[in-house]
Amino acid sequence: MRIGCLGLGNMGQPMAGKLLDGGHELWVYDVREEAMLPLLERQARKAASPKELADTCETIIVSLPTLEIFRRALSGPDGLLAGNAMKTLVNTCTVGVPFVREIESECTATGVTVIDAPISGGVAGAKAGTLAMMVSGNPARVSDLMPVLQLWGQTIVVAGDRPGSAQIMKLTNNMLCAVALVATSEAMTMSGKAGIPDDAMLQILNNGTGRNFATMHLFPDAVLPRTFDFGATIEILMKDVDLAIAQGEELGVPMWVSQAVRLVLKHGVFQGRAQQDMSRVAQIGWVNNFSNCI
């Protein structure tokens, strides 16, 4: 299959690489030449713009960091919708239901089907091909895309027939991830100040009821070694939390804990940490207490 990939960041680049591994003909576009280079060296083809990508490929996979960048890449004289060949747009971004409805409306008007396919598993999962995917959209088109999605991971859950359902599933997941990260940061600070070694604390947490993604991966892999290299920024996590709270409030769900987590993240942004790795949430508010995070 000839596939176009738009956006080759921390997640998009390894995911595009998996498509090459699967034998697909790959066309790529990113505003950064250096992001395309590793794929071009593997015989991917370079498009000069999103429009050229959509003039060449029937299936376009989008992995972009913000809603505004997505809008610019979709519309306008050099946008995807100006192309002639695109029939399916696969959104792998966490953008929320209203935005998916927005792009679905624009795409449907030009005969393009939107498949909503946000992903979870981080950069490590993208490189290893172990991502979890939530998919919603036209059932026949989803079925056709399954061999492509399976190159990224074997956990693929169909959330519904309408684009947007997968977004709710993804926001629920990311909200819990953010809560776990903030709560674990507080808990590890408390145990550290009490003199309990970090490795001993993680051992009991990961074999007890406190186990979560932060205790199992973020802290041992990125926080305690002080590499802070999970691969997503605090700004992106903040965006996901904002979207999750907005979705909950629209559905009439009290989001008390989520609101508290958002305050912690906002404090980090005010500290100038927006572009820092999300694992540095462990430093927000606790930097003078949690020695391993300094």
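Select Asn-91 and Asp-116: their side chains make a polar contact at 3.0 Å. A polar contact is a pair of N or O atoms within 3.5 Å; within protein, one must be able to donate a hydrogen and the other to accept it, and residues adjacent in sequence count only if both atoms are side-chain atoms. The model is predicted, so local features need pLDDT of at least 70 and side-chain atom pairs count only at pLDDT 80 or more, while totals for chains, interfaces and linings use all residues. Residues are numbered from 1 along each chain as its sequence is written, and side-chain values use heavy atoms, leaving out hydrogens and water.

Stay on Asn-91 and show strand β5, residues 88–91, where Asn-91 is placed. Strands (E, at least two residues) and helices (H or I, at least four) are DSSP runs, numbered from the N terminus. Is Asn-91 buried or exposed? Asn-91 counts as buried because its relative accessibility is 0%. Buried means under 20% relative accessible area, exposed over 50%, and partly exposed in between, with a 1.4 Å probe and protein chains only. Leaving aside neighbours within four places in sequence, the residues in contact with Asn-91 include Val-62, Phe-70, Val-100 and Gln-167. Contact means heavy atoms within 4.5 Å.

Next, select Thr-88, also found in strand β5. Thr-88 is buried, with a relative accessible area of 4%. Not counting residues up to four places away in sequence, Thr-88 touches Glu-58, Thr-59, Ile-60, Val-112, Thr-113, Ile-115, Arg-141 and Leu-145.

Now select helix α4 (residues 67–74) and helix α5 (residues 97–109). They pack at an angle of about 0 degrees, with axes 12 Å apart. Axes are lines fitted to C-alpha atoms, for helices over the stretch in contact, and angles run from 0 to 180 degrees between N-to-C directions. The two helices α4 and α5 are therefore roughly parallel, a term for angles under 35 degrees. On the α4 side, the contact is made by Leu-67, Phe-70, Arg-71 and Leu-74; on the α5 side, by Phe-99, Glu-102, Ile-103, Glu-106 and Cys-107.

Move to Cys-5, which is buried at 4% relative accessible area. Its closest cysteine sulfur is in Cys-57, 8.6 Å away, too far for a bond. The count of disulfides (pairs of cysteine sulfur atoms within 2.5 Å) is 0.

Last, select Gly-208 in the loop between α9 (198–205) and α10 (213–223). Gly-208 is partly exposed, with a relative accessible area of 27%.

Technical notes
Angles under 35 degrees count as roughly parallel, over 145 as roughly antiparallel, 65 to 115 as roughly perpendicular and the rest as oblique.
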